[in-house]
Amino acid sequence: MAQLWGGRFTKQTDKSAYDFQASISFDKRLYQQDIEGSMAHAKMLAKQGILSDEEARQILTGLEGILKDVQNGTLEITSEYEDIHSFVEAVLTQRIGNAGKKLHTGRSRNDQVALDMKLYTRQEITQINGILKELLEVLLSIMEDNLDTYMPGFTHLQKAQPITLTHHMGAYFEMFKRDRQRLDDIYKRMNYCPLGSGALAGTTYPLDRDYTAELLGFYGPTLNSLDSVSDRDYLIELLAALAVIMMHLSRFSEEISIWNSNEYNFVEIDDAYSTGSSIMPQKKNPDIAELVRGKTGRVYGALMALLTTMKALPLAYDKDIQEDKEVTFDAIENVKGSVIMFTGMLSTMKFNKDIMESSAMKGFTNATDAADYLVNHGVAFRDAHGIIGRLVLYCQEKGKAIDELSLNELKAISPVFEQDVYEAVSLEACVNRRITTGAPGADAMKEVIKGYREYLRQ
């Protein structure tokens with residue numbers, strides 16, 4: 001058992017107790033961040049005269065070698081070590097001798113692990129932001145191609161008013177754009193360097209924390225050493241943001257599952273992103289959408305787990321905080337995988353445009369526009385509402401859409417109707433008269449698309 005402590009102890013830790021509290025099985029993925037942080041720390045120690053130039057050179061060369069050997073597989077991170085920090089320091093000392101023992105001067109594992117998690121989180125935020133941008137590119141491409149693809153818009157899962165596929169996809173563009181903004185906000189707030197905070201109360205060595213922060217790409221050092229080693233707010237914020245991303249993906253997945261059903265048949269999922277049944281040969285199942293929907297609960301669980309872990313911890317560092325890693329790692333991997341798979345599914349999905357348009361026509365989605373027609377011809381809105389209600393009942397009895405009725409049938413319900421009603425209640429007119437910002441009309445949507453395209457160029 002390779003440990004960074006032990007002088008005060010007179011006997012070995014029980015093997016089962018050691019295994020229970022060891023973190024090497026999961027924090028080994030932080031090896032690159034731990035080495036990068038150690039290299040910055042060594043450079044700062046040399047700058048401050050705490051290490052000689054030769055000692056710093058040996059340490060940096062040794063750390064570079066360890067990083068290279070782990071990456072190419074010639075050096076294995078094993079359970080012999082308690083955590084990633086003890087692995088790096090032990091291997092470094094084995095390779096370069098006494099100079100390796102001086103690397104830990106002026107720091108603690110508490111500020112070291114806080115640094116590693118921030119470096120890791122910062123990197124993952126950037127990656128997730130990037131794959132969300134790829135999803136937005138797919139959404140925008142669909143929007144650009146479907147300005148005249150009419151479909152029903154829904155409330156309460158009932159057909160409400162006609163919109164376009166462009167408009168529908170734009171709603172999700174807005175959601176994922178907000179997700180990226182949340183990630184940007186978290187990055188800005190968490191990008192301060194905890195290294196140099198020590199165990200909780202700083203150090204007596206003359207560290208240059210601003211220099212360390214600069215080397216590692218932080219805006220500056222954290223300003224309270226107690227908070228620096230015990231802060232996991234940024235992880236809670238990240239998990240909350242990831243939960244919202246998954247909620248958006250889950251809503252989208254639910255709609256795709258509905259649209260994929262025989263009853264709707266709005267979409268056809270590509271064979272590469274669906275599966276069949278082991279017994280029913282006709283089945284084509286939306287497994288990717290369903291798995292994304294299912295994994296949402298797993299990411300929610302990670303957020304609740306960390307909130308619960310942190311809720312009663314006294315300052316400063318407590319071993320409980322070690323529980324931040326596994327849930328965070330798992331949530332990040334599930335979100336990245338879900339976004340990537342969903343993007344692939346969406347980019348290859350076929351939209352059955354004729355069926356979507358027919359569904360809008362047969363669902364009385366133009367009823368509101370028929371009422372507006374009457375209002376524009378002098379009928380009070382409340383009276384118009386009642387007239388159209390009777391008209392819909394008549395259509396249901398006859399199995400017809402509003403615009404399939406003859407003018408005589410329309411006039412039998414209200415003499416106000418004239419020939420121009422057919423143009424007024426056409427899907428194209430119903431949609432394209434809605435030209436206010438954010439509405440589904442083609443002119444309004446073209447302006448939105450232009451703004452989205454500019455946003456993605458940034």
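Helices (H or I, at least four residues) and strands (E, at least two) are DSSP runs, numbered from the N terminus. This is a predicted model, where local features need pLDDT of at least 70, side-chain atom pairs count only at pLDDT 80 or more, and totals for chains, interfaces and linings use all residues. Residues are numbered from 1 along each chain as its sequence is written, and side-chain values use heavy atoms, with hydrogens and water left out.

Zoom out. The C-alpha atoms fill a box of roughly 100 × 50 × 40 Å along the principal axes. Of the 458 residues, 50% are buried (under 20% relative accessible area; exposed is over 50%, partly exposed in between; 1.4 Å probe, protein chains only).

**The largest pocket**

Next, select Phe 154, His 168, Ala 171, Tyr 172 and Glu 255. Of the 19 lining residues, these are the closest to the centre of the largest pocket. The space there is about 430 Å³. A pocket is an open set of points on a 1 Å grid over the protein atoms alone, where a 1.4 Å probe fits, with protein on both sides within 12 Å along at least five of seven lines; lining residues have an atom within 4 Å of a point. Its volume is the space filled by probe spheres set on the points, which are joined across faces, edges and corners.

Now show strand S1 (150-155), helix H8 (165-190), helix H11 (233-260) and helix H20 (442-457). Each gives two or more residues to the lining. Helix H8 gives the most, with seven.

**A buried serine**

Stay on helix H11 and select Ser 253. Ser 253 counts as buried because its relative accessibility is 0%.

Most residues other than glycine have a negative phi, and most peptide bonds are trans.

Go to the loop between S1 and strand S2 (158-164), and pick His 156. Its phi is positive, about 55°, although His 156 is not a glycine. His 156 is exposed, with a relative accessible area of 74%. Move on to Leu 157, in the loop between S1 and S2. Leu 157 has a positive phi of about 60°. At 60% relative accessibility, Leu 157 counts as exposed.

Last stop: Leu 315 and Ala 316. A cis peptide bond joins them, with omega about 10°. Ala 316 sits in the loop between helix H12 (287-310) and helix H13 (324-348).
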